[in-house]
Amino acid sequence: MNCFEIENLSLLNNKSEPMTKDDLINLIEEKHSAPFLFLGSGFSKHFLNTPKWDELLQNFAHNHINSYYTRLETRDLCVIAKDVAKEKNDSFWKLPDDDSYKNKIQDKVDSSSFVLKYEISEYLKQYTLTGIEPKYKEEIELLTKINIDGIITTNWDDLAELLFPKFTTYVGQEELIFAPTYNVGEIYKIHGCIHNPSSIVLTSDDYEKYNEKNTYLAAKLTTIFIEHPIIFLGYSIRDKNIQQILSSIVKCLNDVSIHKLQNNLVFIEWNEGESDLFSVEKYDIMMENEIMLPVTRIITNNYKTVFECLQSFKREIPAHLLRIYKKNFYKIIYSENPEKQLCVIDEKKIDTNKEIQFVCGFGAINKYKSAIGYIGLKSINIFKDILFDDGNYEAEKIIINTLPDLRKNTNFIPCYKYLRAVGITDSDSFRNNRLGINFELINDFRCSYSDPAGYINDKTVENVIEENPSWKAVIYLTYMDISNNDLPIILDFCKKYYNDFLIKKEKPNYSSHFKKLICMYDWKKYGW
């Protein structure tokens, strides 16, 4: 969602240079880096039919939207959102103390705009739950096969995450500015996300705080804009948010660097006109201080043609794997003693050297395909593989080389997924296994807590997750009788909070509880 759009024609140079579809393909093919998608509200509107900004506010406003225009003497929807948020907040706190809705979220209300943000979040979640209409199936298939390095978006919905589930998501300006990002396989939600209502940039106060850090955000984005083609989808070329971002980036650059942006900025503008509309042109945007910013402008009513052009950038390795490689090399190079972590070693010694944490090399794929250092894997690798199923590990090597070492200090390491993969599916096959394993199996994963039976007795898994802070939900879930129908819900919950508990460790006192919950999921899903 964007705050609003402006018709600021004085900033634009209307002279254009026509191009062909082949010109666009050549432009993309000659780039050394894969594109970034910059997604706006029109993208979600197209695929999910989400409401426009004024329509969204009208759904939650106490009065007709025109009453706010006239009373506040402004059509600035951010200012109006602040007023609607205040009305929502006042009404919420007037609810009876025994009101179920009030009891559900009152502990989370941390600002006068939270109630409105929460209700908007719950409303927008229904759009992605309903799903994309079948008529867009071909467009989506093309889009998800494009080689891109990442996504930047001002949208709050989770459509980008659903389309690119293996990408790592950063929510809000704070995470993007301060997190160690790698500019590949990542989604940057710079205006917040419906799964974290407090992060949403909605009111005029939110935008004021956001703009205070705009210079830092621009610096973070500048490298991406120079090194990658940026494909703007769902924005008007006159969108105020984009104008501000581009203006901030231009301020960071000299004339030489601005020239590097040429052919890197591509705006896809939707036009409902005639059928099979697809035109490409060079376009200049007049920025502050009369600086001309060259962009490529595509006007179309068919995203399919656009996505076919973007597929002209070829790469063999998926972006999420490139991110893993880049992240590991980054850690090695920026450590205090990198020379102690880099070595050249004979291939036959790779699997027997316990010190090797990450292996990369060049050679025949079939020859090196299984050269993963299983002995060097850490517990975090196992927990991540249980949730995201992205480790591509050989189960037998995990059981023989990895689990015995990891379970020396704790029994709470997932194992049932790998046991099932090698045919161990019950107590008899475990006792008589051919691999010689005999570690202790655990099927009680309750976290230390006063008996919550009184609370969870009549609760569903959804109730527990919705009614409690994440750390408390983790504990309660380990006490519940989980059915097969509950497993997808628990998996989604664990994926959502994986970074908080195990990577960022924002809740360090509860990371062990979170690990037990993953162990319980592993047992319920794959065990006996």
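## Parallel strands and their crossover

Tyr-170 has Tyr-188, in strand β5, as its bridge partner in this predicted model. The two strands concerned, β4 (residues 168–171) and β5 (residues 186–189), run parallel and are joined by four bridges. Together with helix α10 (residues 172–178), β4 and β5 form a β-α-β unit that is right-handed.

## The buried face of α19

Helix α19, which spans residues 395–406, has Ala-395, Ile-398, Ile-399, Thr-402, Leu-403 and Leu-406 as buried residues. These buried residues line one face of the helix, because, in a view down the axis of α19, they fall within an arc of 135°. Among the elements that cover the buried residues of α19 are α18 (379–388) and α20 (416–421).

## Nonpolar cores

In soluble globular proteins, nonpolar side chains tend to be buried together. In this model, the largest nonpolar core comprises 59 residues, and those with the most contacts inside it are Leu-143, Trp-156, Leu-233 and Phe-307. Leaving aside residues up to four places away in sequence, Leu-143 touches Leu-37, Phe-43, Leu-163, Phe-164 and Phe-307. Another core, of 48 residues, lies apart from this one and includes Ile-382, Cys-415, Val-474 and Ile-482.

## A buried asparagine in a loop

Asn-301 is found in the loop that lies between β9 (292–300) and α15 (303–310). With a relative accessible area of 16%, Asn-301 counts as buried, because the cut-off for that class is under 20%. The side chain of Asn-301 reaches the backbone nitrogen of Leu-277 at 3.1 Å.

Conventions: Residues numbered from 1 in each chain as written. Predicted model: local features only at pLDDT ≥ 70, side-chain atom pairs only at ≥ 80, totals over all residues. Heavy atoms only, no water. Pairing = 2+ DSSP bridges. Right-handed = clockwise from strand over helix to strand, strands pointing away. Buried < 20%, exposed > 50% of the residue type's maximum accessible area, 1.4 Å probe, protein only. Arc of directions from axis to C-beta. Contact = heavy atoms within 4.5 Å. Core = buried A, V, L, I, M, F, W, Y, C linked by side-chain atoms within 4.5 Å. Polar contact = N/O pair within 3.5 Å; in protein donor to acceptor, adjacent residues only side chain to side chain.
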